[in-house]
Amino acid sequence: MLRRLTPYLFALPLLSFIAVFTYIPILQSLNLSFREWDFLSPTKPFVGLDNYRLLLDSREFWNALTVTSIFAVISVPLRLLLALFIASRLLRETLVSRLMRGALFLPSVTSTVAIAVVFSWVFSTDYGMMNALLTGLGFSKVAWLQEPQLALGVLIFVNTWKQLGYDIIIYIAGLQAIPGELYDAAAVDGGKRGHVFRRVTVPLVMPTTYFLLMISVIEAFQVFTIVDVMTGGGPAGATDMLVNMLYRVGFTLFDIGLGSALAVLLFIFLIALAIFKARVLGRKVHYEA
Amino acid sequence: MIANKYKISVAALVALLGSTVLASAEIKVEFWHSFGGVAGAALDQIIDNFEAENPDITIEAQEIGNYNDIVTKLQAAIPARRAPDAVIMEVTRYGLFADRDVLLDLTDYVEADPLKDDLYNFAREVGVFEGKNYIVPFNSSTPVLYYNKAIFEQAGLGTHTPLKTYDDLLAASKQITEKLGDDGITGIAAPGQFARWGLIMDNDSDLIDSVSGEILLDAPNTIEAYEFMASLVHEHKVASPDGVTKENNGRDAFLAGKVGMMINSTGNYGRSTSALGDDLVVLPMPCNKVCAVPIGGAGIGILSTSEKEVQDAAYKFVSFAASPESNALWFSETGYMPINKYTPEQPLAAAALAEKPGIGVAIGQLDFARGRPRPPVVTWMRASEYDMWQAMALGQRDVSEVLTEFAERTRAEAERLKR
């Protein structure tokens, strides 16, 4: 009996931790999404699907979903392509490549708030370094953080700069796991560089790509700090992401029920997206060379 | 030898028990506030003075962040039963907390306190929500007009340049931008929300009527005021758009000597004098159609969940902080307005008024200063106004259309909150 229970007992501390800090809050959020509450009232009246209805009828929700989707659709492929390209150039164990890996990884371990503050000054219209450079070269100033499309572009740039180092390191690990004989065989068969990359490297690094894709899509849909510090969702909602909206609804407008409904919708959306990716891409992932 | 050890042990035990009893007799008041830097140091001094007079009370002050941060953290702390005993609350945003009985009704405390007769009328009024007193003001402010004398001179403007109306502001801003734009200097900082509110009041209107609660976002004078403010950025380009997406950017640029004028709270007096020294000039708010300024800042509220003796101790501190001596220290260090009628007579305040030019401008505005509305919908309205302002100031949407729609949404939200 005890022998049967032993593995569960070993797992129990971690399971309890996850339950307390993940599963119970998820269930609590689900419960709150059917209620009206402002954190302050002693009662939390049940309102059924009202919060979901309100959310799906609101222009802000659809705007935030669109903006977040655009952000994900542009930033995820950009990150992965750049990371794969740079990783393939930094594979060799030289001093320069090690220094480059370190330098590129540095933003990943730097405070996101600090990065966002620095870049918000870099891209400031009248006082920023970027426009000082442009005007110095004879161009006119650009309203980086005030033009809706540009502001989103700047956020994508900053997020890519911050996350790229991590993707590169993971890709380097994936690339180093590809057996050298396969490249030798391809070379013997007269395979050209681009052809070998497409036919050997890309398929064999697919498990890494798949992992990074899963992680980066989730990250893209949960982006918050950079947006909050740099634009606050502005100008006029042009960079308002789902998590920004969730924070605003819950913690500025005191509508915890609506905020929880948004969190639940985001959760369902990400699960659905993960299943879709598993169905479409999962089949193309081979873990053996 | 053994007897001695025994005696020493007993004495130590008695001392330990004694200190525990003493420690438990000491009342601790956890106080959340939003002051760092010069203001934080002044507050610490007030707390030290209070504790010296009341050795049985300890004020555990914590700087939480800005007003929004306090509201956010308080929201999370209440259900977690980790709320403080006293808290700084911005004057338009405490209504929701009062409405939900989170804040203690201080009416009986205030009525029994001789302080009530010493406070200026605005200071009494600002803490009252639906007939009951919920906060006692601590850092009160109005917006004032700051300008940089050096920039004015470089732009060919004198110290007698009229800055009374919207047209005056625009003319001066244009001249500065035209003359000094190549050096990266702009005429005026894009007005922040407090300044916008002031400029709307100067145009004989309001966002929400503070007496009747009527929503005035789409009133003609409000629309006109927003049209003027938005035009400074996108039409006349005399205000940097940087200050539209991040309000503090406008202020920081002014402090860095890159902006000619700024309308901002009197609470910025300390940092403005530090940054600009003798180049700083402080003027009253313009009076476009009428002279009117909003009362801003915050007061101290006490949580209804605290124990009675802690509430009593907290009120003692609240009253002490509003006393002429404490208020004079606070006023002279920060530039926030006096709330106590006897503050200006205090040596510290008198010295500040004599030696710090411009620090008394806000006092001169008290004759036409008005409290702002504080029903629960104000929190929603203020949080949502930023997006509307950005759309208007950056020229993305028509002012009248934005405000008409915003007014309707605010009315609907007010109804929802009432329900």
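Predicted model: local features only at pLDDT ≥ 70, side-chain atom pairs only at ≥ 80, totals over all residues.
User: How many helices and strands does chain A have?

Analyst: Chain A has 13 helices and 0 strands. Its C-alpha trace spans about 80 × 75 × 30 Å along the principal axes.

User: What radius of gyration does chain B have, and what would a compact globule have?

Analyst: The radius is taken over C-alpha atoms, and the globule rule is 2.2 Å times the number of residues to the power 0.38. For 419 residues, a compact globule would have a radius near 22 Å; chain B has 24 Å, which agrees. The C-alpha trace of chain B spans about 90 × 55 × 40 Å along its principal axes.

User: Why is Thr379(B) called buried?

Analyst: A residue is buried if 20 or more other C-beta atoms lie within 10 Å of its own, exposed if 12 or fewer, and partly exposed in between, with C-beta atoms placed from the backbone. Thr379(B) has 25 other C-beta atoms within 10 Å, so Thr379(B) is buried. Thr379(B) sits in helix H19 (residues 377-393) of chain B. In chain B, 52% of the 419 residues count as buried; in chain A, 31% of the 289 residues do.

User: What does Thr379(B) touch, leaving out residues up to four places away in sequence?

Analyst: Contact needs C-beta atoms, placed from the backbone, within 7 Å. Thr379(B) touches Phe254(A), Arg93(B) and Leu96(B). Tyr94(B) is 285 residues from Thr379(B) in sequence, yet 8.9 Å away in space, C-alpha to C-alpha.

User: How many residues of chain B are in contact with chain A, and how many of chain A with chain B?

Analyst: 27 residues of chain B are in contact with 21 residues of chain A. H19(B) gives the most to the chain B side, with 6 residues. By class, that side has 12 nonpolar, 10 polar and 5 charged residues. Here Ala, Val, Leu, Ile, Met, Phe, Trp, Tyr, Cys and Pro count as nonpolar, Asp, Glu, Lys and Arg as charged, and the others, Gly among them, as polar.

User: What makes a set of residues a nonpolar core, and which residues have the most contacts inside the largest?

Analyst: A nonpolar core is a set of buried Ala, Val, Leu, Ile, Met, Phe, Trp, Tyr and Cys residues joined through C-beta atoms within 7 Å. The largest has 179 residues, and Leu155(A) and Phe317(B) have the most contacts inside it. H19(B) gives the most to this core, with 9 residues.

User: Why is this core said to lie between domain 1 and domain 2 of chain B?

Analyst: Domain 1 (28-140 + 296-370) and domain 2 (143-294 + 376-418) both give residues to the core, so it lies between them. The domain bounds come from an automatic or database domain assignment. The domain centres, taken over C-alpha atoms, are 27 Å apart. The contact takes 24 residues from domain 1 of chain B and 24 residues from domain 2 of chain B.

Key:
Residues numbered from 1 in each chain as written. Chains lettered and ligands numbered in written order. Helix = DSSP H or I, 4+ residues; strand = E, 2+ residues; numbered from the N terminus. Contact = placed C-beta atoms within 7 Å.
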